[in-house]
Amino acid sequence: MNKPYFCRNMEKQDYVAYWKTSAAKSWKASQHLFEKSDFVESLFFAHLTLEKSMKAHWVKDNPEDFPPRIHNLRRLSEQTSLILSSDQIIFLEQMNTFQMEGRYPDYRFAIYQMFDEEAAKTILEQTETFYQWLLSNML
């Protein structure tokens, strides 16, 4: 795959840093949305946080600099050197729910009724734990 013009002078560590920085911005957005009681949107950005962190791992672990254009967290994790527990795999599969609802408005209405503040807070706490684990495994 040819690199886009704006990326031609970037090294592998620059691509990893890009995904890590982007993940941190998504995590910050998730927190702001939660504070404003936009729970579904907050969970969508939580998913993005994990997706971008996983893509940083993908770039680190693969010869190519561009991760696949997929959003499925489990599939991304399978293409890295990360060793996940069965609980972590289950969590990623649950988090995949929020990328769908965040992208397609017709799914949003149903999920709005399923996730109140307490449910969203629990998921965000689990996301933060997983996000920190991903970062610690980036070293």
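Lysine 55 and glutamate 51 are both buried, a term that denotes under 20% relative accessible area, whereas exposed denotes over 50% and partly exposed the range in between (1.4 Å probe, protein chains only). These two residues form a salt bridge in which the closest N and O atoms are 3.0 Å apart; such a bridge requires a side-chain nitrogen of Lys or Arg within 4 Å of a carboxyl oxygen of Asp or Glu. Both residues belong to helix H2 (residues 39-61), where four residues, about one turn of the helix, separate them. Helices are DSSP runs of H or I with at least four residues, numbered from the N terminus.

The model is predicted, with local features requiring pLDDT of at least 70 and side-chain atom pairs counting only at pLDDT 80 or more, while totals for chains, interfaces and linings use all residues. Residues are numbered from 1 along each chain as its sequence is written, and side-chain values use heavy atoms, with hydrogens and water left out.

The structure contains five salt bridges. Another of them joins aspartate 61 and lysine 60 at 2.8 Å, N to O. Here aspartate 61 is partly exposed at 25% relative accessible area, and lysine 60 is likewise partly exposed at 34%.

A further salt bridge, at 2.2 Å from N to O, connects glutamate 93 with arginine 74. Because glutamate 93 lies in helix H4 (residues 86-103) and arginine 74 in helix H3 (residues 73-78), this pair ties together parts that are 19 residues apart in sequence. Glutamate 93 is partly exposed, with 36% relative accessibility, as is arginine 74, with 31%. Both residues also take part in a network of salt bridges that links Arg74, Glu78 and Glu93.

Methods. Helix = DSSP H or I, 4+ residues; strand = E, 2+ residues; numbered from the N terminus.
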